[in-house]
Amino acid sequence: MTRTVFYTATTLDGCIADPDDSLDWLLRQPQEEGGAGDYAEFIGGVGALVMGSTTYAWVLAHEQGVWPYTLPAFVLTHRELPLPASAASGEPADVRFRSGAVVDMLAELRGAAGAKDLWIVGGGDLAGQFADIGALDETVVSIAPVVLGAGRPLLPRRLDLELLEVGRNGSFVVARHRVIGALAEDRENG
Ligand SMILES: NC(=O)c1ccc[n+]([C@@H]2O[C@H](COP(=O)([O-])OP(=O)(O)OC[C@H]3O[C@@H](n4cnc5c(N)ncnc54)[C@H](OP(=O)(O)O)[C@@H]3O)[C@@H](O)[C@H]2O)c1
């Protein structure tokens with residue numbers, strides 16, 4: 001069954017990007033291939049990905065317009081955005097623009113992932129939109145030894161989670177959590 005997984009990296013104070021959408025603080029961190037939270041292992045279990053338009057713009061800028069993914073990628077936006085100029089695979093980039101409530105596209109996203117997982121690339125509010133409808137299953141978060149004081153939030157919701165796994169990779173703490181649901185206090189108070 002397809003699980004929905006928010007796999008990302010954050011600062012210790014819960015920012016996934018700085019206020020200017022820079023990830024410089026992240027890209028300079030040392031990482032060990034094959035270590036906890038290993039990207040190659042993670043992506044092997046992913047069948048499709050979904051991201052918001054800010055993340056899409058960042059990926060395109062970072063990769064100089066060359067789309068790095070071969071899996072179906074859903075980009076959520078209310079605007080008309082350009083497709084990537086080219087793809088690293090040499091095939092046309094499989095980028096599908098969608099807009100609206102996540103609940104209305106969930107079946108399509110899960111279907112595209114097949115028997116594998118759906119990766120929520122970011123940002124945090126998008127992961128929150130899945131959590132709002134009870135469709136965020138797991139988070140895998142690599143915590144960098146950085147605080148920024150302000151930036152794009154990791155997951156701006158009130159949720160209870162269960163710690164499943166913790167490890168170290170280079171300078172990162174990697175934590176995998178199952179999402180239980182709304183904070184117990186919020187559930188009790190109706
Ligand atoms: N640390 C990491 O590993 C990591 C991972 C991923 C991303 N990031 C970074 O984190 C930042 C995230 O940016 P962000 O917080 O702005 O989030 P984002 O999810 O990347 O982009 C948000 C935008 O996506 C569009 N959108 C979101 N939900 C939608 C929906 N249901 N229907 C239609 N459009 C929707 C809206 O823009 P429009 O409608 O105006 O297009 C919204 O303003 C970026 O800088 C990104 O590069 C970091």
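A polar contact is a pair of N or O atoms within 3.5 Å. The exercises below apply this cut-off to a predicted model.

**Exercise 1. Identify which side chains among T8, D21 and T54 place a polar atom within the cut-off from an oxygen atom of the ligand.**

Solution. 
Step 1. For T8, a polar side-chain atom is found 3.1 Å from a ligand oxygen atom.
Step 2. For D21, the corresponding distance to an oxygen atom of the ligand is 2.6 Å.
Step 3. For T54, a polar side-chain atom and a ligand oxygen atom are 2.7 Å apart.

**Exercise 2. Determine how much of the ligand the protein buries, and where the ligand sits.**

Solution. 
Step 1. The ligand taken alone exposes 920 Å².
Step 2. Of that area, the protein buries 82%.
Step 3. The site that holds the ligand is the largest pocket.

**Exercise 3. Describe the shell of residues around the ligand by position, element and class.**

Solution. 
Step 1. The ligand is surrounded by 23 residues, and D21, S53, T55, T77 and H78 are the closest.
Step 2. Two or more shell residues come from each of β1 (4-11), β2 (15-17), α3 (53-62) and β8 (117-122).
Step 3. Helix α3 provides the largest share, 4 residues.
Step 4. By class, the shell holds 12 polar, 8 nonpolar and 3 charged residues.

**Exercise 4. Characterise the largest pocket by its space, lining and main contributor.**

Solution. 
Step 1. The space in the largest pocket is about 1,400 Å³.
Step 2. Its lining consists of 46 residues; those nearest the centre are T8, L23, T55, W58 and V121.
Step 3. The element that gives the most to this lining is α3, with 6 residues.
Step 4. The lining comprises 20 nonpolar, 18 polar and 8 charged residues.

**Exercise 5. Carry out the analysis for the second largest pocket.**

Solution. 
Step 1. The second largest pocket contains about 380 Å³ of space.
Step 2. It is lined by 19 residues, with G37, E41, V140, E165 and R176 nearest its centre.
Step 3. At least two lining residues are supplied by each of β1, α2 (39-44), β9 (138-144), β11 (159-169) and β12 (172-182).
Step 4. Its lining divides into 8 nonpolar, 7 charged and 4 polar residues.

**Exercise 6. Locate D21 and G123 in the chain and state the backbone feature of each.**

Solution. 
Step 1. D21 belongs to the loop between β2 and α1 (24-27).
Step 2. The phi angle of D21 is near 65 degrees, a positive value in a residue other than glycine.
Step 3. D21 is also one of the residues closest to the ligand.
Step 4. G123 is placed in the loop between β8 and α5 (124-132).
Step 5. The peptide bond that runs from G122 to G123 is cis, and its omega is near 0 degrees.

How values were computed
Residues numbered from 1 in each chain as written. Predicted model: local features only at pLDDT ≥ 70, side-chain atom pairs only at ≥ 80, totals over all residues. Heavy atoms only, no water. Near = heavy atom within 4 Å. Polar contact = N/O pair within 3.5 Å; in protein donor to acceptor, adjacent residues only side chain to side chain. Areas by Shrake-Rupley, 256 points an atom, 1.4 Å probe, with all protein chains shown as cover. 1 Å grid on protein atoms, 1.4 Å probe; cavity = no way out; pocket = protein on both sides within 12 Å on 5 of 7 lines; lining within 4 Å. Sits in = over half its atoms within 2 Å of the grid points. Nonpolar A, V, L, I, M, F, W, Y, C, P; charged D, E, K, R; others polar. Points joined across faces, edges and corners; volume = space filled by probe spheres on them.
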